[in-house]
Amino acid sequence: MNATAAPSGPIRKSQPRVGLFVTCLVDIIRPSVGFAAVKLLEDAGCKVIVPSQTCCGQPAYNAGDRATAKALARQAIDAFEDCDYVVAPSGSCGGMLAKHYPGLFAGEPELAIRAQRFAEKSYELVSFLVDVLGVEKVAARYDGVVAYHDSCAGLRELGVKAQPRRLLAGVEGLTLVELNEAETCCGFGGLFAAKYGELSNAIVSRKADDIRGAKADTVLAGDLGCLMNMAGRLQREGSAVVARHVAEVLAGMADGPAIGESQKGPRQ
Amino acid sequence: MTLIATTAKFKDNVHAALTDARLQGALGHARNFTVRRAEAAGRLPEFEALRDSARAIKDHTLAHLDLYLEAYERKVRDSGGEVHYAQDAEEARTIILDLCKSMGAKSVTKGKSMVAEEIGLNHALEAAGIDAVETDLGEYIIQLRGETPSHIIAPAIHVTKEEVEREFRKAHRDLPPDRSLAEPEQLLSEAREVLRAKFLAADVGITGANFLIAETGTSIIVTNEGNGDLTQILPRAHIVIASLEKVTPTLEDAAQLLRVLSRSATGQDASVYATLSTGPRRPDDPDGPSAYHVVILDNGRSSMLGGEFEDMLRCIRCGACMNHCPVYQAVGGHAYGWVYPGPMGAVLTPSLIGVAEGGQLPNASTFCGRCEEVCPVRIPLPKMMRHWREREFERRLSPAPLRYGLGFWAFFASRPALYRLSTDLSARAMHLIGRGKGRFSWAPFAGGWTRYRDLAAPQGATFQSQWRGRSGAVR
């Protein structure tokens, strides 16, 4: 992982200006996912910018605090005004931007139109690479048996299913195995995981069983929240399975410690 | 059988369910439904289109509910039956009890009905000295156990067959001890033998209804055991208890809805029985009841019309949402604490018993969206659960730590410069503390998480902070 990755992909005639919505979890817990996203986007010919940002507002939205959700939505819409696209390395935050923002401004036509325009240019990272930019293969290597978990919002709100598998199939050294219940929720659910810890744990324990049953050494997903939940459970159980964000593997930036692994030693 | 909701104690119920090894073993069966539904949907190319048309039928009906209810009532009267409207559970119980008493009824057989559960009918009948016998096998089993249904179509899904055998040996006094009840078929024929006598002795049969047909005044029940037929044909009187949104314009509409109902519920292409009844026995009918009554229950549903919960009234009670729900799969139906479990219960319960009492349920969802994905009438269940959370938040019913926590977080999140600075400092500090292990096994304010799972430590400076450093250096 480093901070000097330069644009290396073919520069298109009109280089799309992509605003990276890095998501608060990636911003705070795992910046390497953000740099992996930048690399993937730049390799695919995008000009990446990172407007000043905080959170998409989903925690407030899902807790019933609509006023805060609206305030944060307006903040994001303003911040990404001059971007051609808004791309998030998360199906959950991506879903919030692309599917839920417009509904927040029902009854306020001017804002609703802006939110709708914003929603239409917002994407989850991997589906953006494949569906919009037409990326078919990435240059990356990962030696491991990998299970991909379909995070719920990406899967059901944004149709992210085939795209990550397609790109993972092109990663050298990587063997992809399917979970029995890849489409079953991991039990994260944002604040749910803390509010209903025992219930959340019951759900993620079943997910951990499924991952172990698939004989994978790595579990990947497109959402850091789900990944922290699965990693946290696997680690508590003493499992050796590691968890990584799919962008890290696709960008060839998966040589650092996995999620929740020791960060001491010759890392940088 | 009871009206006392334990919904407010949802977390305690969850704990009890998760630590009940027997229940956890039994819950595995519910997962078979998901496989069967997927297979049934896959066999029918027009399944998705049928779901759209099912939704359209229900939306149309709800938009003209008054007209269809009146039309239905006229048709029932024309065929010699009677329609009674009940505003709430108590009124419905009174109507049914009065009908039973006026006929001098001593014993009642019942088909499976969730609305009867909702109004606590069995309890009321017993209190009035009337013997009420559930005739659906699952309902019969839980009646013996003194329980309520844990699933709207498979009421005894939480019970193992060994437990059923134990209940039968306890309750059926004439059962020879050496008779084997090890196989499900043997349990079934034992129940059938006992119930046959009850069917023949019953004065009144009470069933629910899946559809009330406005075009013809017909009530339709969908069953797999045929118990509903014997319940409604043999006694002197047939009483139908159904909620008002069950009215359906035409038989053709009901046929369409039936095609998505059984596939979504059990994965059957069609249920074994779909029984139509229209009025009492006519002079040239070979059999049938001499009196036919329909009790139509509101119980708060009409207040959902025209509001943000109206879509919930499309529900045709297939149970697909709970079969596919990770929360229901983990804890079963009793943890929800009232009549309706799973995602449909999480939306309906606060509507029917109030958000102060039922507010836990719409909160206990990860919003994974699988319920909406499989709902045959495409009810946006997560969206409506969120509406309940909004109502709670507006009325300050959400727990104080959540409200204050959100307020604290929102203060920073709406001030980007302050947010960037404070998150960067916290991330760096937490990195220094946690980098050795890479994770925390305990963290302040995160007990709900760290009690069960480790929590990943930050990598160091935030992304935004690093990015600004990089941009500064490069550009």
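These legends describe close-up views of a predicted model.

**View 1. Two domains of chain B.** Chain B splits into domain 1, residues 7-302, and domain 2, residues 421-474. Between the C-alpha centres of domain 1 of chain B and domain 2 of chain B, the separation is 54 Å.

**View 2. Helices H11 and H12 of chain A cross.** H11(A) spans residues 197-213, and H12(A) spans residues 224-236. Their axes come within 9 Å. The crossing angle is roughly 75°. Angles of 65 to 115 degrees count as roughly perpendicular, so H11(A) and H12(A) are roughly perpendicular to each other.

**View 3. Residues at the contact of H11(A) with H12(A).** H11(A) contributes Val204(A), Ser205(A), Lys207(A), Ala208(A) and Ile211(A). They meet Asn229(A), Met230(A), Arg233(A) and Leu234(A) of H12(A). By type, the residues of this contact are five nonpolar, two polar and two charged.

**View 4. Strand E7 of chain B is mostly covered.** E7(B) runs over residues 237-243, and seven of its seven residues are buried. Both faces are covered. One side holds Ala237(B), Ile239(B), Ile241(B) and Ser243(B), all buried.

**View 5. Strand partners of E7(B).** Strand E4(B), residues 204-207, runs parallel to E7(B) and is joined to E7(B) by four bridges. Here Gly205(B) has His238(B) as its bridge partner. E7(B) also pairs with strand E10(B), residues 291-297, in the parallel sense. Seven bridges link E7(B) and E10(B). In this pairing, Ser243(B) is partnered by Leu297(B).

Conventions. Residues numbered from 1 in each chain as written. Chains lettered and ligands numbered in written order. Predicted model: local features only at pLDDT ≥ 70, side-chain atom pairs only at ≥ 80, totals over all residues. Domains from an automatic or database assignment. Axes fitted to C-alpha atoms, helices over the stretch in contact; angles between N-to-C directions. Helix = DSSP H or I, 4+ residues; strand = E, 2+ residues; numbered from the N terminus. Parallel < 35°, antiparallel > 145°, perpendicular 65-115°, else oblique. Contact = placed C-beta atoms within 7 Å. Nonpolar A, V, L, I, M, F, W, Y, C, P; charged D, E, K, R; others polar. Buried ≥ 20, exposed ≤ 12 C-beta atoms within 10 Å, placed from the backbone. Pairing = 2+ DSSP bridges.
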